[in-house]
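The report below walks through selected backbone, packing and interface features of the structure shown here. It is meant to be read with the coordinates open alongside.

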2 protein chains.
Amino acid sequence: MTNFDFSEKILALLQEKQYQNLQKYLETLNPADVAECMTDLLDDGDLEDKDLLRLFRLLPKEQAADTFAEMDADLQEKLILGFTDKELSQVLEEMFLDDTVDVIEEMPASVVKRILKNVDSDTRKSINQMLSYPEESAGSLMTIEFVDLRPGMTVREAFDHIRQHGVDKETIYTCYIIGPTRKLLGAVSVREMLLASPDTVLRDMMETNIISVTTLDDREEVANLFARYDYTALPVVDKEHRLVGIVTVDDAIDVLQEEATEDMELMAAMSPSEHPYLRTSTFDIWKQRIPWLLILMVSATFTGMIITGFETALASNAALIAFIPMLMSTGGNCGSQSSVMVIRGLSLGEIELSDALRVLWKEFRVSVLCGLALAVAGFAKVLFIDGALFGNAEITIPVAATVGLTLAFVSIVAKLVGGLLPMGAKKLGFDPAVMASPFITTIVDALSLLLYFSIASLLLGL
Amino acid sequence: MTNFDFSEKILALLQEKQYQNLQKYLETLNPADVAECMTDLLDDGDLEDKDLLRLFRLLPKEQAADTFAEMDADLQEKLILGFTDKELSQVLEEMFLDDTVDVIEEMPASVVKRILKNVDSDTRKSINQMLSYPEESAGSLMTIEFVDLRPGMTVREAFDHIRQHGVDKETIYTCYIIGPTRKLLGAVSVREMLLASPDTVLRDMMETNIISVTTLDDREEVANLFARYDYTALPVVDKEHRLVGIVTVDDAIDVLQEEATEDMELMAAMSPSEHPYLRTSTFDIWKQRIPWLLILMVSATFTGMIITGFETALASNAALIAFIPMLMSTGGNCGSQSSVMVIRGLSLGEIELSDALRVLWKEFRVSVLCGLALAVAGFAKVLFIDGALFGNAEITIPVAATVGLTLAFVSIVAKLVGGLLPMGAKKLGFDPAVMASPFITTIVDALSLLLYFSIASLLLGL
């Protein structure tokens, strides 16, 4: 069954006014699927705004909240505007606080006001606290719904506590043990407690060597910890090492996916997108792309200047012009190979800034090997394909040697630039992904041309 | 504390022969960290092979197995060669079966033989079964250590079962309910069981609408289900819907990370790497990169031919040559912007093949907007910067108009090609990521030049 089938069935039941069957059917679906069906049906014009509300009201309380949390901001806004105050507070009560905060961050001020009016004062305080963390921090990623236990509790008491307070917690499987001032002392898993005797005191069985993050840690680094250590939750502490929240693995996965997408977009010279491709308007996509295109177009002025500077030399050796695109694209490819590997290594934490010299040395060796192979292949290709095969008499052995030698040097220069610039960007506090193909290409393009014309001057005596 | 600090401390304790303190210290570390320290110490020449074995033998049984599972293949092989048969079977006994299979897949035949000799016959049968699944399938990703319950059990009986059989299971938190022929009937979480009365029968509380995957499903699609539905485990069934294994979230994260890295590498014209950058040899990196560089270099023959074809026209209007790099790089950037967004959308499941027309229509509208902006900016830049500012008398209004108009058409063509080719590749069963920047650029380069010279012929009467 695809989402398309889900949508079709929902629409059919809705149009036939079979609300009871529709309700039963909706209950069998996953919140993420229901949310997507609603979005698709609205997008295709099959569902009107009033039907959307009717559909949403058929969902049982908990599923309604989960579905709401999975929706796009514009769909959420539409629903909130249609909700009664009672409906709104019901949904908010069922949602996890980190999801509520995510909703609030996307809403216009009037809607935020209405949301804050419809939650109790404790929740409002927590929301305001969470809104104050920087956007890319662990604090903005964490949830405050976790199970905290005391070191003096027995396993039996811990289970009683979980039964009483665990219903609304985002995960119950890792429980944290805190001292009198809420300082984080240790952690214990439900698995260990199930296997232990009910009278064991938590203090005697808890793991005290636990990795925690602070509210201000970068969320990508936090997410990388999940990938490295196979956790399902990580505790978040404040500066005084007091437990203030937890990050769960589902949110970590979302961060890893978003960061990878963002890196790919930056590497292709685009500003990061906020919504899936098909749900982003033409104008928004244009805004992501056009500034970079303009900057890169203008910065290509240098390559033009270099060519203009050698115009007379080129006129006397017109065959050289034909190899300009090939040399530039090979340089660009060499550079982006290196930069992409270094960028990815940096973002996975496999490469540190302190590895700069090792990276350079490796890139240098690889670039010499690539350069040799390119030089030999390029020399032969120019001489035999462009020269002999196509019968171009202008292509002599010195011309082929010029192209081959340029390829060797271009490979070395491009790979060193491609390896170095992302690390430089990171050192200066920028996102290394910005230093991928397009910028590298612009720099390498200019360097390739300079190398080409210098070598041509030497070998051909231009 | 960084890994560097861990390594320093381990080395110091080892050199001072403080084995008891070293043992205590190792116990406080996470298996992933211990494995990395061992790798680093060996790489730096601080640790000899015999010390490696000594170090490994200090680890408690379970941590030893977990650490072993986290190591690179070459380190694993080194250790296996040093192990006694008894040590080897102890490590194998403690490891999860999916990890054992991962080890086997990387080992030479003689080591595989020794491993298979040192496991019991049931395990050997399971290993052989798992080795038979295709490399990129859910079957090769799953573990067979899961908790299976019967529908007639009560919650109390289920917990007793978990206490008896759950110790070695990869996760106990989602338990699967199977019928007499091992057909998957439903699932129940430990959370729900903790909150239910001990006498509740599982049949009455189990979730029967569960999403399962089959052994042959693609592992990237399986991993995407985790991202979409926030699961921590997913059941894997065979063709007869019998439960044969589960995939856990930690393995799904690894798949998502690996697939993103692979896409980025393909996008930058490299074959996917198998090890982290710094742990890959110069020669292996060269092998990843050089075939693509050679193919792309040779395919640039077309651009050379186009230029050669227009050589006489260019000679009479030498100013046109200077804009070739800029037009080609703008075309390349336009195309890779589109292709990267489409490739990422396809791999996240946000774009389906059936969306091809919607993608093309969106890219067309974006490309027209980008084309207009580029044309206006390009026209002005050529006229005022290259012409007036640098005092180049060859640059006339018709020349600037030629460049501007070419930019507009290049944007449209590049974005349509960039949007379409990845979808075409997917349709034909190739990885769409291959159709990113380098190939798109090669195609767009040739098209840009043809457009440029055609428009120049029209406007300048070449």
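## Loops, helix packing and the chain contact

In chain B, the loop that joins helix 1 (3-15) to helix 2 (19-27) contains B:Lys17. The model is a predicted one, and in it B:Lys17 has a positive phi of about 55° although this residue is not a glycine. B:Lys17 is exposed, because 9 other C-beta atoms lie within 10 Å, and a residue counts as exposed at 12 or fewer.

A positive phi at a residue that is not a glycine is also found at A:Ala269, where the angle is about 60°. A:Ala269 belongs to the loop between helix 16 (249-267) and helix 17 of chain A. With 27 other C-beta atoms within 10 Å, A:Ala269 is buried, the threshold for that class being 20 or more.

What is the burial state of B:Arg219, buried or exposed? B:Arg219, which is placed in helix 15 (residues 219-229) of chain B, counts as buried because it has 26 C-beta neighbours inside 10 Å. Leaving aside residues up to four places away in sequence, B:Arg219 touches B:Glu136, B:Ser137, B:Ala138, B:Leu141 and B:Val255. B:Arg219 and B:Gly461, by comparison, are separated by 242 residues in sequence and by 57 Å in space, taken from C-alpha to C-alpha.

| Helix pair | Axes come within | Crossing angle |
|---|---|---|
| Helix 5 (residues 61-70) of chain B and helix 7 (residues 85-94) of chain B | 8 Å | roughly 80° |
| Helix 17 (residues 282-299) of chain A and helix 20 (residues 324-347) of chain B | 10 Å | roughly 160° |

The crossing of helix 17 of chain A with helix 20 of chain B is right-handed. On the side of helix 17 of chain A, the residues that meet the partner are A:Arg289, A:Leu293, A:Leu296 and A:Met297, while helix 20 of chain B contributes B:Met326, B:Ser329, B:Thr330, B:Asn333, B:Cys334 and B:Gln337. By class, five of the residues in this contact are nonpolar, four are polar and one is charged.

For the pair within chain B, the axes cross at roughly 80°, and helix 5 of chain B and helix 7 of chain B are therefore roughly perpendicular to each other. Here B:Lys61, B:Glu62, B:Ala64, B:Ala65 and B:Phe68 of helix 5 of chain B meet B:Gln90, B:Val91 and B:Glu94 of helix 7 of chain B. This contact comprises four nonpolar, one polar and three charged residues.

The contact between the chains takes 96 residues from chain A and 96 residues from chain B. On the side of chain A that touches chain B, helix 20 (residues 324-347) of chain A supplies the largest share, with 14 residues. The residues of that side of chain A divide into 56 nonpolar, 22 polar and 18 charged.

Notes: Residues numbered from 1 in each chain as written. Chains lettered and ligands numbered in written order. Predicted model: local features only at pLDDT ≥ 70, side-chain atom pairs only at ≥ 80, totals over all residues. Axes fitted to C-alpha atoms, helices over the stretch in contact; angles between N-to-C directions. Helix = DSSP H or I, 4+ residues; strand = E, 2+ residues; numbered from the N terminus. Left-handed = near helix turned anticlockwise from the far one by under 90°. Contact = placed C-beta atoms within 7 Å. Nonpolar A, V, L, I, M, F, W, Y, C, P; charged D, E, K, R; others polar. Parallel < 35°, antiparallel > 145°, perpendicular 65-115°, else oblique.
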